[in-house]
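Let us walk through this structure step by step. Keep the sequence and the 3D view side by side.

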Amino acid sequence: MSNLLSIGASGLNAAQVALTTVGNNISNVNTPGYSRQTVLQTENMSNSAGRYSIGSGVDVQSVQRAYSDFLTSAVWSSNSGMQRATTYNNLTTTLNSMLSASGNLQSALDSFYGAFDTVANTPGVASSRQSLLGSAGSMVTVFNTLAQQFTSQQSQVNSQIGTTVDSINSVAGSIADLNAKIHQAGTNVPNDLLDQRDTMIQTLSGYLGVSTYAQADGTISVYASSGQALVSGDKSFALSTGTDRYDASRTVVLDTTGTDITSKLSGGTLGALLDYRSSVLDSVQNQLGQAAVALAGSVNTQQAKGLDLNGNQGGAMFSVPDPKVLAAGNNKGSASVAASITDVSKLTTSDYVLSYDGSNWNLATTAGQSVPMTANPDGSYSADGLTFNLSGAAQKGDSFQIQPTRGAASGLTLTMTDPNGIAAAAALTSKAASTNTGTGSIGAVTVDDPTNAALLGNATLSFPTAGSYQVTDGSGNVLGSGSYTPGQTISANGWSVTPSGTPAANDSFTIGINANGLNDTSNALAMAQLADKGILNGGKQSVVAAYGTLTTNIGTVGSQAQTNLTTQTSLYNQAVSSQQSVSGVNLDEEAASLVRYQQAYQASAQIISTSQSIFSSLISAING
């Protein structure tokens, strides 16, 4: 009887454990991170009874999680991708909003260049000139505002990087604490601790791409995408933030040794912030600055090629700051670098690092691409439209970061306040001698070098013979001479002319300052045409086209970010669905199990009851 009683008791116990487990599954059906639990039952060893053996009931070996390492790892990986895509999409959405919230730069540019046409059509009307300066001021404001918005987002990204690193360290610490508890539990690990640890790792994967390795003692080691250990056993290794070696306003991520691992991190929210800052926001700021430099440079240069309303050579209308040079914080030498833009057509949107190897200076983009430099006779170096003037003594390993255009848009300033300063008239004009007998004529006089000190001085172009020319200044000094063929361009004192027709021997032309400045507006027309003139990209791209490219690029990045978010969200949902098909709680299945284990419990109770009845009958018979 005792054997029958113990068998019933074991069945009763097994059914009770199973019922409790099912009830726990049902209660946690909506608990995030909960893994369905199942009872592992085994048959007790049989007792030998001579010619046969009799079973000894059932034993509950363990309560296990329904779990798949592969599917859970897939959820962590896809979660990292989805959170990265979400953050990236939010950032690009904000960037696109800035273009409209900061004013329409395209319209401002159109109004500015169009105002030169108005001045050209109404040269003597003061209001036209004043309106031009107003349009110029409005355009500068849009440049400044947009640049300030970009700078503000840089600050926000830097702040978010710091906040995210703090969250990573907090979660890593929690995982280490759970590792310690799981290790202390030995082989009888509470399933809730395992679920909590998985949930924490999933949370961590949302902040940063991670990889894991299960140790033999039940703990899990967690590594960042850079290879940096975040968790090992019951210890966590905190990341930290610092400032960039060149730019103190820029936040970087450091490992436990203080090494900058920013460029090695990827995935999750942190990866998105770092990637967006370096590949999108920096580039956008540089592109906007490049447009500002091209605008100011082209207008100022054209201004200098004309005469203002006072009869003076045109002055600068705008100013932009020089390229920013940032010395590395660990420089040991006394060298300093000054950078200037000398050829806007060769200017790129890259930032550079100028480094000294102990013998030579080397230039590379911040992305690591080597850039050849030309050594100039004065000891300076030139590359990509920039000139670098070095002074002091450098030591091996010293370096400088050059940001040619990053601050140009925010620093763009309208320096002209007097409407009379607009140089609408051509600086020079030509006049044929009354004694000329040939068919030669000179149209516009082109200003090639507005900085030439003798530009506005009178000069005479004469043709001693039909096949030769000579240029003399007002004192009769010969400035240039040589053979002449029709259509040939002749230059002197920073100007050039291309006579048409055929000059006869002894024909001459006077080249001098334009005395008809009030009525001549050819230089205003030239400035209006700058809207379509190639200035950047080797003289192939105008300022307006450059801004159009910028807005297109931003729109493309935003569209790609949205598409990627849709894709990553779908991949995450698929991974979760696959994982939940194994680990998730199905209420229909649990309800069926509940009935099955209830019946098993009742049947085991009946076995015990039967055993008691038989035992009572036996006692009664003996006492009978």
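A salt bridge is a side-chain nitrogen of Lys or Arg within 4 Å of a carboxyl oxygen of Asp or Glu. By this rule, the count is eight salt bridges. Side chains of opposite charge can pair when their charged atoms come close. This is a predicted model: local features need pLDDT of at least 70, side-chain atom pairs count only at pLDDT 80 or more, and totals for chains, interfaces and linings use all residues. Residues are numbered from 1 along each chain as its sequence is written, and side-chain values use heavy atoms, with hydrogens and water left out.

Start with one of these pairs. Arg84 and Asp275 meet through their side chains in a salt bridge (2.4 Å, N to O). Arg84 lies in helix 2 (residues 69–101) and Asp275 in helix 6 (residues 268–304), so this pair ties together parts that are 191 residues apart in sequence. Helices (H or I, at least four residues) and strands (E, at least two) are DSSP runs, numbered from the N terminus. How accessible are the two partners? Buried means under 20% relative accessible area, exposed means over 50%, and partly exposed is in between (1.4 Å probe, protein chains only). Arg84 is partly exposed because its relative accessible area is 22%. Asp275 has 27%, so Asp275 is partly exposed.

Now take a second pair. The side chains of Asp351 and Arg406 form a salt bridge (2.2 Å, N to O). Asp351 sits in the loop between strand 14 (336–341) and strand 15 (352–356), and Arg406 in the loop between strand 21 (399–403) and helix 7 (408–411), so the pair ties together parts that are 55 residues apart in sequence. Are these residues buried or exposed? Asp351 is buried, at 7% relative accessibility. Arg406 is buried, at 15%. Both belong to a network of salt bridges that links Arg250, Asp282, Asp351 and Arg406. Elsewhere, Asp234 forms a salt bridge with Lys235, with the closest N and O atoms 3.7 Å apart. Asp234 is partly exposed because its relative accessible area is 49%.

Helix 4 (residues 126–185) has 60 residues. From its first C-alpha to its last it reaches 89 Å, close to the expected 88 Å. The expected span of a helix is 1.5 Å times one less than its number of residues. After helix 4 comes Gly186, with a positive phi near 70 degrees. Helix 5 (residues 191–207) has 17 residues and spans 25 Å, close to the 24 Å expected. Its buried residues include Leu193, Leu194, Ile201 and Leu204. Asp195, Arg197 and Asp198 are also among them.

Positive phi turns up in other places too. Most residues other than glycine have a negative phi. Asp384 is not a glycine, yet its phi is positive, about 50 degrees. Asp384 lies in the loop between strand 19 (381–383) and strand 20 (386–391). Asn493 also has a positive phi, near 50 degrees. Asn493 is found in the loop between strand 29 (490–492) and strand 30 (495–497). Asp384 is partly exposed, at 28%, whereas Asn493 is buried, at 17%.

Move on to the loop between strand 31 (507–513) and helix 8 (522–528), where Asn514 lies. Asn514 is buried because its relative accessible area is 10%. Its side chain makes a polar contact with the side chain of Asp520 (2.6 Å). A polar contact is a pair of N or O atoms within 3.5 Å; within protein, one must be able to donate a hydrogen and the other to accept it, and residues adjacent in sequence count only if both atoms are side-chain atoms. Contact in general means heavy atoms within 4.5 Å. Leaving aside neighbours within four places in sequence, Asn514 is in contact with residues including Leu307, Ala425 and Thr429. Thr521 is in the loop between strand 31 and helix 8. Thr521 is buried, at 11%. Not counting residues up to four places away in sequence, Thr521 touches Val119, Ala120, Pro123 and Ala424.

Finish at helix 10, where Tyr601 is found. Tyr601 is partly exposed, at 32%. Tyr601 and Ala14 are 587 residues apart in sequence, but 8.1 Å apart in space, C-alpha to C-alpha.
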